[in-house]
Amino acid sequence: MGPLSGVRVIELQGIGPGPFCAMMLADMGAEVIRVDRRDGRLGLAREPRYDVLARGRRSLRLDLKNPRAIEVLLRLAERADGLIEGYRPGVIERLGLGPDVL
């Protein structure tokens, strides 16, 4: 329930404002699907169950350097209203997921 009920957003795991933004969208009713890194590293030493910024959303782990994982992400993005990513400039394009593709 909430003003964003019916909105679907894909979040590519990162640090900084991305997880906070996704948390806020989920709090307002959006369905947020978090795509975690396959190795599970965030740069922070904390168990996922204690990650307060991950609340209110489902997640899956994908190795975005694997072409099959890219296919899964592209299928998710087809049914999404938005995508949040906080990678350094050029990273998402090198993965084959730049704005022209998505």
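Let me start with a definition: the expected span of a helix is 1.5 Å times one less than its number of residues. Keep that in mind for helix α2. One caution before we use it: this is a predicted model.

Helix α2 covers residues 67-78, twelve residues in all. At 1.5 Å a residue, that should span 16 Å.

Now, which residues of α2 are buried? They are Ala69, Ile70, Leu73 and Leu76. Look down the axis of α2 and these buried residues fall within an arc of 120 degrees, so they line one face of the helix. What do they pack against? Three strands: β1 (8-12), β2 (31-37) and β3 (58-62). On the other side of α2, Pro67, Arg68 and Glu78 are exposed.

The N-terminal end of α2 has a cap. The capping residue is Asn66. A side-chain oxygen lies 2.8 Å from the backbone nitrogen of Arg68.

Next, Arg57. You will find Arg57 in the loop between β2 and β3. Is Arg57 buried or exposed? Its relative accessibility is 12%, and buried means under 20%, so Arg57 counts as buried. Its side chain has a polar partner. That partner is the side chain of Glu11, at 2.8 Å. Beyond its neighbours within four places in sequence, Arg57 is in contact with Glu11, Pro19, Ala22, Met23, Val32 and Arg34.

Take Val32 from that list. Val32 sits in strand β2. With a relative accessible area of 2%, Val32 is buried. Set aside residues up to four places away in sequence, and Val32 touches Val9, Glu11, Ala22, Leu25, Ala26, Arg57 and Arg58. One distance for orientation: Val32 and Leu62 are 30 residues apart in sequence, and their C-alpha atoms are 16 Å apart in space.

On to Gln13. Gln13 lies in the loop between β1 and α1. Its relative accessible area is 3%, so Gln13 is buried. Where does its side chain reach? To the backbone nitrogen of Arg37, at 2.7 Å.

Now Gly82. This glycine is in strand β4, residues 82-84. Gly82 has a relative accessible area of 26%, which makes it partly exposed. Which residues does Gly82 touch, not counting those up to four places away in sequence? Arg8, Val9 and Ile10. As for Asp27, Gly82 is 55 residues from it in sequence and 16 Å from it in space, C-alpha to C-alpha.

Last topic: cavities. How many cavities of 30 Å³ or more does a search of the whole structure find? One. The largest cavity has a volume of about 40 Å³. Its lining is Glu11, Leu12, Gly14, Ile15, Gly18, Pro19, Ile84, Glu85 and Gly86. The elements giving two or more residues to that lining are β1 and α1 (17-27).

Some names come back here. Glu11 lines the largest cavity, and the side chain of Glu11 makes the polar contact with Arg57. Pro19 is also in the lining, and Pro19 is in contact with Arg57 as well.

To recap: the buried residues of α2 line one face and pack against β1, β2 and β3. Arg57 is buried and pairs with Glu11. Gln13 is buried and reaches the backbone of Arg37.

Key. Residues are numbered from 1 along each chain as its sequence is written. This is a predicted model: local features need pLDDT of at least 70, side-chain atom pairs count only at pLDDT 80 or more; totals for chains, interfaces and linings use all residues. Side-chain values use heavy atoms; hydrogens and water are left out. Helices (H or I, at least four residues) and strands (E, at least two) are DSSP runs, numbered from the N terminus. Buried means under 20% relative accessible area, exposed over 50%, partly exposed in between (1.4 Å probe, protein chains only). The arc is that of the directions from the helix axis to the C-beta atoms. Contact means heavy atoms within 4.5 Å. A polar contact is a pair of N or O atoms within 3.5 Å; within protein, one must be able to donate a hydrogen and the other to accept it, and residues adjacent in sequence count only if both atoms are side-chain atoms. On a 1 Å grid over the protein atoms alone, a cavity is a set of points where a 1.4 Å probe fits but cannot get out, and a pocket is an open set with protein on both sides within 12 Å along at least five of seven lines; lining residues have an atom within 4 Å of a point. Grid points are joined across faces, edges and corners, and a volume is the space filled by probe spheres set on the points.
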